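Colleague: I've got a few "how do you know that" questions about this model. Can we go through them one by one?

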Amino acid sequence: MKNLCDECWYNTYDEEGEEYFCSLSLDEDEYARFISDSENNKPCRYFRPDTGEYSIVKKQN
C-alpha cells in the first residue's frame, strides 16, 4: 500500500534538510493523538488529497 503522506496536501519538502515533513499545525493534544494513531496503524484523520497546483483555478471556472 502506498503511503498516504506521499499524496497529502500537507506533505512539504524541506530543501535544507532534504526531506519531506508534515506541515500540519497541531496543538499538543492533537499531535499526541496523531502519533498514537500512526503507531497503531490507523489511517490519518487529517489526510487531504493533493489535487495539484491548479485545483484552485478549477474551482474558479
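This is a predicted model: local features need pLDDT of at least 70, side-chain atom pairs count only at pLDDT 80 or more; totals for chains, interfaces and linings use all residues.

Colleague: Which residues line the largest pocket, and which lie nearest its centre?

Modeller: The lining has 23 residues, and Asn3, Leu4, Cys5, Phe34 and Cys44 are the ones nearest the centre. Strand β2 (19-22) and helix α1 (28-39) each give at least two residues to that lining. By residue class, the lining splits into 14 nonpolar, 4 polar and 5 charged.

Colleague: Phe34 is on that list. What makes its ring pair with Tyr46 tilted?

Modeller: A search of the whole structure turns up 3 aromatic pairs. For Phe34 and Tyr46, the ring centres are 6.3 Å apart, and pairing needs them within 6.5 Å, so they qualify. Their planes meet at 50°, which is neither under 30 degrees (stacked) nor over 60 (edge-to-face), so the pair is tilted.

Colleague: Why do you say that this pair ties parts together?

Modeller: Because Phe34 sits in helix α1 while Tyr46 is in the loop between α1 and α2 (55-60), the pair ties together parts 12 residues apart in sequence. Ring pairs also join Tyr31, Phe34 and Tyr46 into a cluster.

Colleague: Why is Phe34 called partly exposed?

Modeller: Its relative accessible area is 22%; buried means under 20% and exposed means over 50%, so Phe34 falls in between.

Colleague: And why does Asn11 count as partly exposed?

Modeller: Asn11, in strand β1 (residues 11-14), has 23% relative accessibility, and that lies between the 20% and 50% limits, so partly exposed is the label.

Colleague: What does Asn11 touch, leaving out residues up to four places away in sequence?

Modeller: Cys5, Asp6, Tyr20 and Phe21. The Asn11 side chain reaches the backbone oxygen of Cys5 at 2.9 Å, which is within the 3.5 Å limit for a polar contact. Asn11 and Asp50 are 39 residues apart in sequence, yet their C-alpha atoms are 8.8 Å apart in space.

Colleague: What makes phi of Glu18 worth a remark?

Modeller: Most residues other than glycine have a negative phi. Glu18, in the loop between β1 and β2, has a positive one near 50°. Asn41, in the loop between α1 and α2, also isn't a glycine and has a positive phi of about 60°.

Colleague: How do you know whether Glu18 and Asn41 are buried or exposed?

Modeller: Exposed means over 50%; Glu18 is at 62%, so it counts as exposed. Asn41 is at 70%, so Asn41 is exposed too.

Terms used
Residues are numbered from 1 along each chain as its sequence is written. Side-chain values use heavy atoms; hydrogens and water are left out. On a 1 Å grid over the protein atoms alone, a cavity is a set of points where a 1.4 Å probe fits but cannot get out, and a pocket is an open set with protein on both sides within 12 Å along at least five of seven lines; lining residues have an atom within 4 Å of a point. Helices (H or I, at least four residues) and strands (E, at least two) are DSSP runs, numbered from the N terminus. Ala, Val, Leu, Ile, Met, Phe, Trp, Tyr, Cys and Pro count as nonpolar, Asp, Glu, Lys and Arg as charged, and the others, Gly among them, as polar. Buried means under 20% relative accessible area, exposed over 50%, partly exposed in between (1.4 Å probe, protein chains only). Contact means heavy atoms within 4.5 Å. A polar contact is a pair of N or O atoms within 3.5 Å; within protein, one must be able to donate a hydrogen and the other to accept it, and residues adjacent in sequence count only if both atoms are side-chain atoms. Rings of Phe, Tyr and Trp (its six-membered ring) pair if their centres lie within 6.5 Å; planes under 30 degrees apart count as stacked, over 60 as edge-to-face and the rest as tilted.
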